[in-house]
Amino acid sequence: MLEKIESLELEHWKTSLDSKTIMWIEFCHKGKSTNTLSSSVMKELDILVSFIEKEVLNKNKKICAGIIFFSNQPSGFCAGADVKEFTDIAKKSEWAQASLEIVTKGWLLYERIEKISRRLPTVAKVKGFCFGGGFEFALACKFIVAVDHDSTSFSLPEVKLGIYPGWGGIKRLPQRVGIFQGMSLMLSGKFLNARKAFKAGIADVLVPERTADLACERLIKQNPKKRDLSFFNQVLAGPLKRLVCIIIKNNIKKRVKERHYPAPFGILDLWKYHNGNPTVETQIHNRIVGSPTAKNLLRVYQLQENLKGLAKKYTKGSDGQVPPTLNHIHVIGAGTMGGDIAIWCVLKGLKVTLQDVSTSQIAKILKKAPLEVKRKFGNKYKQMKLCDMLIPDPSGHGIKKADVIIEAATENLKIKQEIFAKIEKDALPTALLCSNTSSIKIEEIAKGLKDTSRLVGVHFFNPVLRMPLVEIIKSKNCDQNFFDLAVNFTGKIKKLPLPVKSSPGFLVNAVLMPYLLSAMRTVDNGISPEDIDSAMVNWGMPMGPIELVDTVGLDVCLAVGNTMTNDDPTPICLKDLNQKDHLGKKSNRGFYKWEKGKKVKERKLKLNDDEQRNLAENLIQPLINRTAELVTEGIVESEEMADAGVIFGTGFAPFLGGPINFSKNNKIESL
């Protein structure tokens, strides 16, 4: 039999038959460090499945006791479908039809794998990534063995790309874990680590890596009967199916609008009407994949991948030398930003010394860190190890040993200059010096340094633990090797690096401030904050501009606004509220009243839908115009980079594909 398999000449799948007649099939995408289900991989899988159907199932059962699918790739089992192929197809006019052909082939192939699993025990041994089509592949097997490792993770993230799990996930995940839990995972694209996946019922077995193979062999040998869903879940998927769909749909409507994000509603309808089978009719598929949202979200995904690729591009400096090891980070400033930067670096396995003039402020961060570590990692030993890597350092002893020094002090030029003058005396000559400034030009901060080429702007966004983007700001005097090192460091801590030139506000704040100031001037003109925020949320923004001002702080907005827009008048409402010390959420009073961290609505909406839409289009125009200007001025190198920065830095509605993309598709010309 093995001779016949070898004659298939498969490049991406390796097979072997052990002494126990167990067939081991390794997924090893040729030429790639990450397994993806590209068209060539799927074609070979079809050949392999056909071989199993013909040569294994139709012969004497003793030929093969069972099949174990696994991968030894560093990244894991499988990252899902080849999204690049999808994005390339999405650029074509016949995108909906072409994508349906891909979905149909995958659905039918995985149905065949499931049929094999009914006659012959099949096991998916999962370590590392198991996403999208890779997760659907595992679900088509009879058993899933999860390796208890930090890298192991399960997800069906298609909804985040504006598409849907078309290869059986909608059918099989609810069958494993129940409809509410299954839909929750599919509609959110949430990631589950190995332990949570086992607890949820996704994995049949959770084992350490050293015993994973034995666990798979035991499942093949014993072939235990699969546990049925609880009676309650069977009722929900049967007699109460219609009611369940109403409940889930109402919950979706609370989070998103169908005209903005059709995929969650389509996923629910596919389960409701066809048990997840997209081949029955094309209407639901076309509604999801044929929407502008799907094309735009796939574009956003590609933009994200491009930013990730920058860190790899700068693995070596401009002189071709490998950059120094970045293991010790020193953070100056234990406020909201500095504290969270320190915690984030610790979560990524780096040693951090945290300096601040206030020991009580450092104590707050030391108290917060274990909570964030526990939220991220279940292993108690890992939790203790990481927490020990955050070291209080009020006197700044870590400066002398740190590989990266990040200043995250208050947004005051004089203070920042004084800090860097002291840092330069003690820092290692190879140390990367970074400022987390949000609006001040790097050249101004560097004036206090003897060597101005060492300073790079590394601008994180609040909240650091959630916002993926970091602007890497290059001044006119910046040494290219230090700039490359900053990009490399950002990738090391799993953030998205966006290179920009030094300019007031850089990219994100430079486009955000005209938008926020425009919203506040609209308040001056008599429109309520509630109507303004409602208009922008209905338009697609995750948060209204006035609520965002309250969240950032009115004092911060006033200072940044004065730095960036000296020629434009400051909104009257912004000045008045600052004079009253109504600084927003942090003072429990700004444009809104805040109670226990939540805003209190005090005024009813007055604008109708048409008025809100017109208002939103007027309010967003300054942001669109400024984005285009910054590309023209060369502050950011391309329209694609600008769209990525504004999406990941401001939360600009992803389903619109970025401000410049939106402007082009809607024929809005910059003024």
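Modeller: The model is a predicted one, and its chain carries 28 helices and 20 strands. For 671 residues a compact globule would have a radius of gyration near 26 Å, and because the chain has 27 Å, the two agree. Along the principal axes, the C-alpha atoms occupy a box of roughly 85 × 60 × 45 Å. Of the contacts between residues at least 6 apart in sequence, 72% join residues at least 24 apart, and 55% of the 671 residues count as buried.

In soluble globular proteins, nonpolar side chains tend to be buried together. Here the largest nonpolar core has 122 residues, and F489, F591 and F652 are those with the most contacts inside it. Helix α21, residues 508-524, supplies the largest share of this core, with eleven residues. Seen from F591, and leaving aside its neighbours within four places in sequence, the surroundings consist of M520, V523, P529, I546, V549, D550, L554, C573, L577 and R603, each of them in contact with F591.

As for the backbone, most residues other than glycine have a negative phi, and most peptide bonds are trans. D581, although not a glycine, has a positive phi of about 60°; D581 sits in the loop between α25 (572-579) and β19 (593-595), and D581 counts as exposed because its relative accessible area is 54%, with the cut-off for exposed at over 50%. T21 likewise is not a glycine and has a positive phi of about 60°, and its place is in the loop between β1 (13-17) and β2 (22-27). With a relative accessible area of 26%, T21 is partly exposed. The peptide bond from N462 to P463 is cis, with omega near 0°, and P463 is found in the loop between β16 (455-460) and β17 (469-474).

Another proline, P224, lies in the loop between α9 (212-222) and α10 (231-237), where P224 is partly exposed at a relative accessible area of 30%. Beyond its neighbours within four places in sequence, P224 is in contact with K142, F143 and L219, while its C-alpha atom is separated by 60 Å from that of D610, 386 residues away along the chain.

How values were computed: Residues numbered from 1 in each chain as written. Predicted model: local features only at pLDDT ≥ 70, side-chain atom pairs only at ≥ 80, totals over all residues. Heavy atoms only, no water. Helix = DSSP H or I, 4+ residues; strand = E, 2+ residues; numbered from the N terminus. Rg over C-alpha atoms; globule rule 2.2 N^0.38 Å. Buried < 20%, exposed > 50% of the residue type's maximum accessible area, 1.4 Å probe, protein only. Contact = heavy atoms within 4.5 Å. Core = buried A, V, L, I, M, F, W, Y, C linked by side-chain atoms within 4.5 Å.
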